[in-house]
Amino acid sequence: TEFTVEDGAISLSGKFGYIRTEIPYADYRLNAEWRWPDSATNSGIFLQDMYEIQVLDCYNNETYVNGQTGSVYKQTPPLANAMRKPGEWNVYDIIYSAPIFKEDGTYRVPPRVTVIQNGIVLQNNTTILGTTEYIGFPKVVKHGAGPIRLQSHGDPSEPISFRNIWIREM
């Protein structure tokens, strides 16, 4: 995807695409700040390239409950709406535990996530049921460590910007 870097922030173009880490991760804590200028933007942060935590302007933008900012996309709605106004920086602190699989590809231990936005808990050690599908049910797909992916949704909205991204493996 196309992106620009200005004042320490990465801005993803409105075109559909991703920026992802080259390093695969399993269990980690991820911190990322994000914002868009002044209009609704749709984006996401993908954990292990499989499980999306929604990033959406929910300040004055209604959407379906499990598609709001901080949801495990299409699975678990957030516990609160912690959005700041467009143009202001939001902070995600995401604590992620990777799944452990049995030989047959089912979960021995499912993936779990805690999402804190702007100091407010949105997901509290929430079980992720499987892949976060746009249409259809979650799928359990056996995998190992995977990259973290920042999404540019491809809609006509303003570019989303990310900054102060850090990852601490656990």
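**Burial, strand pairing and salt bridges**

Trainee: At 4% relative accessibility, does Thr-69 count as buried or exposed?

Mentor: This is a predicted model, in which local features need a pLDDT of at least 70 and side-chain atom pairs count only at pLDDT 80 or more, whereas totals for chains, interfaces and linings use all residues. Residues are numbered from 1 along each chain as its sequence is written, and side-chain values use heavy atoms, with hydrogens and water left out. Buried means under 20% relative accessible area, exposed over 50%, and partly exposed in between (1.4 Å probe, protein chains only). Because its relative accessibility is 4%, Thr-69 counts as buried.

Trainee: Where is the place of Thr-69?

Mentor: Strands here are DSSP runs of E with at least two residues, and helices are runs of H or I with at least four, both numbered from the N terminus. Leaving out residues up to four places away in sequence, Thr-69 has contacts (heavy atoms within 4.5 Å) that include Trp-34, Tyr-92, Gln-117 and Leu-122. Its own place is in the loop between strand 6 and strand 7.

Trainee: Which residue's side chain does a polar contact of 3.1 Å join to that of Asn-90?

Mentor: Asn-90 has its place in strand 7, residues 90–97, and is buried with a relative accessible area of 2%. A polar atom of the Asn-90 side chain lies 3.1 Å from the backbone nitrogen of Arg-84. A polar contact is a pair of N or O atoms within 3.5 Å, where within protein one must be able to donate a hydrogen and the other to accept it, and residues adjacent in sequence count only if both atoms are side-chain atoms. The side-chain partner at 3.1 Å is Gln-117.

Trainee: How many bridges join strand 7 to strand 10?

Mentor: Two strands pair if DSSP finds at least two bridges between them. Ile-94, for instance, has Val-115 in strand 10 as its bridge partner. Strand 7 and strand 10 run antiparallel, and the number of bridges joining them is six.

Trainee: Which residue in the turn of the hairpin formed by strand 10 and strand 11 has a positive phi?

Mentor: Strand 10 pairs with strand 11, residues 120–127, in the antiparallel sense over five bridges. Gln-117 has Ile-120 as its bridge partner in strand 11, and Ile-116 stands opposite Val-121. Two residues lie between the strands of this hairpin, and the one with a positive phi of about 50° is Asn-118.

Trainee: Which residue forms a salt bridge with Asp-93?

Mentor: A salt bridge is a side-chain nitrogen of Lys or Arg within 4 Å of a carboxyl oxygen of Asp or Glu, and a search of the whole structure finds five of them. The closest N and O atoms of the pair with Asp-93 are 2.8 Å apart, and the partner is Arg-29. The pair links distant parts of the chain, 64 residues apart, with Asp-93 in strand 7 and, in strand 4 (residues 28–35), Arg-29.

Trainee: How many residues apart in sequence are the parts that Arg-149 and Asp-49 tie together?

Mentor: Arg-149 forms a salt bridge with Asp-49, the closest N and O atoms being 2.4 Å apart. Arg-149 lies in strand 12 (residues 149–152) and Asp-49 in the loop between strand 5 (42–47) and strand 6, so the parts tied together are separated in sequence by 100 residues.

Trainee: About how much accessible area do Tyr-64, Tyr-134 and Ile-135 have together?

Mentor: Patches are made of residues with over 30% relative accessible area and no salt bridge, with like charges joined within 9 Å and nonpolar side chains (Val, Leu, Ile, Met, Phe, Trp, Tyr) within 5 Å. Tyr-64, in the loop between strand 6 and strand 7, counts as partly exposed at 39% relative accessibility. Areas come from the Shrake-Rupley method with a 1.4 Å probe, and for residues only the protein chains shown count as cover. Tyr-64, Tyr-134 and Ile-135 form a nonpolar surface patch, and their accessible area together is about 390 Å².
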